[in-house]
Amino acid sequence: KQWYQRRVPITAGDPVPLPNVSAMILKKVITWCKHHKDDPPKPEDEENMEKRTDDIDSWDQDFLKVDQGTLFELILAANYLDIKGLLDVTCKTVANMIKGKKAEEIRKTFNIKNDFTPEEEEQIRKENEWCEDP
């Protein structure tokens, strides 16, 4: 509601257009919001907030056991609707899907075509040696 009121005044009974969110995804967003409606607000000091991906509660883990398409639509909807908590937990879920995987495994997981030449790939590997596991 706050998101929409910032953009358009709401009159009781008026439909709220959400062109970027399908009905199925909106239902899931509403389910998530109802479950988390009484959660205490998170601290807004993001600069000092630890960036963790291992703090997803079990309800959210179960809720986000969906196909990749649905997960990415939830990310887009959370971003579009400015629902920070849902955006955080969906992005953490994707981060956990990537964590510890090599580039080729990530490409396979997300069906990403490798458009680098072998030479380009080697150059990138050399430039980023510092972040590879020993």
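Guide: Asp60 is found in helix 3, which covers residues 58-63, and in this predicted model helix 3 is also where confidence is highest, at a mean pLDDT of 96. With a relative accessible area of 5%, Asp60 falls under the 20% limit and is therefore buried. Leaving aside residues up to four places away in sequence, the contacts of Asp60 are with Trp32, His36 and Val89.

Helix 2, which spans residues 23-36, can be followed next through its pairing with helix 4: the two axes come within 10 Å and cross at roughly 70 degrees. Helix 2 is therefore roughly perpendicular to helix 4. On the helix 2 side of this crossing are Met24, Ile25, Lys28 and Val29, and they meet Thr70, Glu73, Leu74 and Ala77 of helix 4. When residues up to four places away in sequence are not counted, Thr70 touches Met24, Ile25 and Lys28.

Helix 4, residues 68-80, returns in the packing of helix 6, whose buried residues also pack against helix 5 (84-98) and helix 7 (118-127). In helix 6, residues 103-110, the buried residues are Ile106, Arg107 and Phe110. Seen down the helix axis, these buried residues fall within an arc of 100 degrees, so they line one face of helix 6. Just after helix 6, Asn111 takes a positive phi of about 55 degrees.

A search of the whole structure finds zero disulfides.

Some care over confidence is in order when reading these details. The protein averages a pLDDT of 84, and 84% of the residues score at least 70. Confidence is lowest in helix 1, residues 2-7, where the mean is 52.

Note on methods: Residues are numbered from 1 along each chain as its sequence is written. This is a predicted model: local features need pLDDT of at least 70, side-chain atom pairs count only at pLDDT 80 or more; totals for chains, interfaces and linings use all residues. Side-chain values use heavy atoms; hydrogens and water are left out. Helices (H or I, at least four residues) and strands (E, at least two) are DSSP runs, numbered from the N terminus. Buried means under 20% relative accessible area, exposed over 50%, partly exposed in between (1.4 Å probe, protein chains only). Contact means heavy atoms within 4.5 Å. A disulfide is a pair of cysteine sulfur atoms within 2.5 Å. The arc is that of the directions from the helix axis to the C-beta atoms. pLDDT is the predictor's confidence in each residue, from 0 to 100. Axes are lines fitted to C-alpha atoms, for helices over the stretch in contact, and angles run from 0 to 180 degrees between N-to-C directions. Angles under 35 degrees count as roughly parallel, over 145 as roughly antiparallel, 65 to 115 as roughly perpendicular and the rest as oblique.
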